[in-house]
Amino acid sequence: MVGEERRPHPSAPENWCILYPVYINSEKTVAEGRRLPREKCVKHPTLKEIFDVLEVMKINRLPEPKSYPRGFHAHEKGRIRFQLRKEDGSPCHPDLPSRTAVMERVASLISKLSSRTNAEQQQSTSTDKPKKKKK
């Protein structure tokens, strides 16, 4: 039919949701791009951490070498596209119906990563040592 618009195919990668690390970075403000409340975010998430967590969650994902538009001083460039909906438009995971739910789950799983918990433990033990006074 002439003039009929085609709806974007939800399972095509170019129509997947986009997740920049700044969306779940607790060190950023909303104006700088954070999308979740600070309590639900993590400090300086990396693309590798996000990619690995999405793999564990069994969500189709695709890294892209794009930088965040407002992050002109960003030291890490990149974003991840992830599939939220199937071909019929239903969620790929019934317990993750929205991109916000996916971001919250990703942030919570990143905070539980062994690399994160080991680093926090090492920092706490190194700060507990008494400092020597200079004479």
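## Cysteines

Cysteine 17 is buried, with a relative accessibility of 7%. Cysteine 41 is also buried, at 11% relative accessibility. Both values fall under the 20% cut-off, so both residues count as buried. The model is predicted.

How many disulfides does a search of the whole structure find? It finds zero. Cysteine 17 shows the spacing: its nearest cysteine sulfur belongs to cysteine 92 and lies 9.5 Å away. A disulfide needs two cysteine sulfur atoms within 2.5 Å, so cysteine 17 is in no disulfide.

## Overall plan

The protein has three helices and three strands. Follow the sequence and the pattern reads β-α-β-β-α-α. Of its 135 residues, 32% are buried.

Residues 24 or more positions apart account for 58% of them.

## The sheet

The three strands form an open sheet in the order E1-E3-E2, and the pairing is antiparallel. Which strands lie at the edges? They are E1 and E2 (residues 61–64), and each pairs on one side only. Neighbouring strands are turned against each other by 30° on average, ignoring direction.

E3 has a partner in E1 and another in E2. Three bridges link E1 and E3, in the antiparallel sense. Four bridges join E2 to E3, and this pair also runs antiparallel. Arginine 81 of E3 takes part on both sides: it is the bridge partner of leucine 62, and isoleucine 18 stands opposite it. Isoleucine 80 in E3 faces proline 63 across the pairing.

Both faces of E3 are covered. Arg79 and Arg81 lie on one side, Ile80 and Phe82 on the other, and all four are buried.

Two packed helices are described by the angle between their axes and the distance between the axes. For H1 and H2, the axes come within 10 Å and cross at roughly 105°. Angles from 65 to 115 degrees count as roughly perpendicular, so H1 is roughly perpendicular to H2. Which residues meet where these helices pack? From H1 come Glu49, Ile50, Val53 and Leu54. From H2 come Val102, Val106, Leu109 and Ile110.

## The nonpolar core

In soluble globular proteins, nonpolar side chains tend to be buried together. Here the largest nonpolar core has 26 residues. Six of them touch the most other members: Ile24, Ile50, Leu54, Phe82, Val102 and Val106. H2 gives the most, with six residues.

Phe82 is one of the buried residues of E3. Valine 102 shows how the parts come together. Leaving out residues up to four places away in sequence, valine 102 touches Leu54, Ile59, Phe82, Leu84 and Leu96.

## Two loop residues with positive phi

Histidine 44 lies in the loop between E1 and H1. Its phi is near 45°, a positive value in a residue other than glycine. Is histidine 44 buried, exposed or partly exposed? The relative accessible area of histidine 44 is 45%, so this residue is partly exposed. Apart from neighbours within four places in sequence, histidine 44 contacts Asn25, Glu27, Glu49 and Arg116. The C-alpha atoms of histidine 44 and proline 21 are 7.6 Å apart, although 23 residues separate them along the chain.

Lysine 58 sits in the loop between H1 and E2. Its phi is near 60°, again positive in a residue other than glycine. Lysine 58 has 68% relative accessibility. That is over the 50% cut-off, so lysine 58 counts as exposed.

Key
Residues are numbered from 1 along each chain as its sequence is written. This is a predicted model: local features need pLDDT of at least 70, side-chain atom pairs count only at pLDDT 80 or more; totals for chains, interfaces and linings use all residues. Side-chain values use heavy atoms; hydrogens and water are left out. A nonpolar core is a set of buried Ala, Val, Leu, Ile, Met, Phe, Trp, Tyr and Cys residues joined through side-chain atoms within 4.5 Å. Buried means under 20% relative accessible area, exposed over 50%, partly exposed in between (1.4 Å probe, protein chains only). Contact means heavy atoms within 4.5 Å. Two strands pair if DSSP finds at least two bridges between them. Axes are lines fitted to C-alpha atoms, for helices over the stretch in contact, and angles run from 0 to 180 degrees between N-to-C directions. Angles under 35 degrees count as roughly parallel, over 145 as roughly antiparallel, 65 to 115 as roughly perpendicular and the rest as oblique.
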